[in-house]
Amino acid sequence: MGRVDEFVPTVSPEEMLKDPWASRAILREALDWLSPNAEGLDEDGQRLLARQVGVKSGLYAAEYPIEYGGWSIPELVAVELREEAAATGLWYSRYLLSNFHGPSRLLMQATPEQRERWLRPLVEGRWTRCLAMTEESGGSDLGAMRTTATWTGDGWELNGRKFLIGNAADAEVAIVLAHAVGGRASGPSFFIFRTTAPGWRVLRRLPGMDPKYKAYEVEIDGVRLPESAVIGGSGQVGAGIGKVSEGMAYGRLAMAARAVGLARYALGVARRHASERVIGGGRLSDNQYIREFLVRSDVAVEASRCLVRRAAAALDEGAVAVREAAMAKLFATESACQVADDAMQTLGGRGWLAEYRLEQVYRELRAFRIADGASELLKETIFHLPPVTPLRTE
């Protein structure tokens, strides 16, 4: 077991200012140190150590602006880092980089004062946050939201319940979507506050398919907030749905990139096993049906990577890239689940065993098809947003 002060990278984070791709060498050093030193720690210890290594190496939230503690690396670089981290098969590798515990793109639309107060400590890894949007009755249908924020004359009072909220029990900061009423404007709005606020209560953990993912039900009972708690300022009351659309592309793309890496890991396990396993005097890879598993998985990984990088390039060029990110997440997560399933089938009984990590990879991937927009919702998004550049027919 290691302590983060024992991690001494030879490539400094400042190198990323000269060349963002220097982050690949930093990632390799971080992963090489983290893997043996996280052994023996419990799950919470592994999460914390990975985040600490990410912060010390400069990788954590490196895609955020320099002025708020990041290193301003392009999204094209960030997705490659996520893929490479996931390709190790180490479940805690996600915490080296920003994730659903870390800074939120919603805060890039905040006021300068809010970015300094809330975004900087999240980027620097001093705080973690949770994002409370979904509710048990409405699921991903934000139009069915029942949580309200009522204007009291000198501030807001929030009331409601949120469901399937990741990191809610450990977060220092909560970002809550609520329907604002009674003020100069109304409608879905984002509020930010410390989780020590009276009235914020975590009711219960919601155990699920992946025991490493901590989701909770939260009650918001009379949380009193100042006018300055509205993300973006009072002029952004009622603009919550638009903020979701603009910021969600980054989260979906991050998930898609990790899916590519996890699929790569699963395919690598299957390839090694198929080439080494001898049955009936021949290698397992001599069987045509095994080759079918491997080839279609290989094609799926490459196609997913192309979609992810296309969406990342669009974001780097300043596009909103909602459609591109939706396509990348839809294809990458759906196909990665198939890759992991084929890998498990290739290994037979061994594929079910924890030592190969395929069962953990599959559990994580299966959640990706639901989180940050279920596949069915992504299909609707893609259908209703035609390509920006029409296909040539001549």
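Before I start, one term: buried means under 20% relative accessible area, exposed means over 50%, and partly exposed lies in between, using a 1.4 Å probe and protein chains only. I am looking at a predicted model, where local features need pLDDT of at least 70, side-chain atom pairs count only at pLDDT 80 or more, and totals for chains, interfaces and linings use all residues. Residues are numbered from 1 along each chain as its sequence is written, and side-chain values use heavy atoms, with hydrogens and water left out.

**Entry one: Ser104**

I looked up Ser104 and found it in the loop between helix H4 (75-86) and helix H5 (112-123). Helices here are DSSP runs of H or I with at least four residues, numbered from the N terminus. Is Ser104 buried or exposed? Ser104 counts as buried because its relative accessibility is 5%. Its side chain reaches the backbone nitrogen of Leu106 at 3.1 Å. Leaving out residues up to four places away in sequence, Ser104 touches Tyr64, Leu119, Arg129 and Ile175, where contact means heavy atoms within 4.5 Å.

Next I followed H8, which covers residues 322-347 and has 26 residues. From first C-alpha to last, H8 reaches 37 Å, close to the 38 Å expected at 1.5 Å a residue; the expected span is 1.5 Å times one less than the number of residues. How many residues of H8 are buried? I noted 20 of its 26, so H8 is mostly covered.

Conventions
Helix = DSSP H or I, 4+ residues; strand = E, 2+ residues; numbered from the N terminus. Polar contact = N/O pair within 3.5 Å; in protein donor to acceptor, adjacent residues only side chain to side chain.
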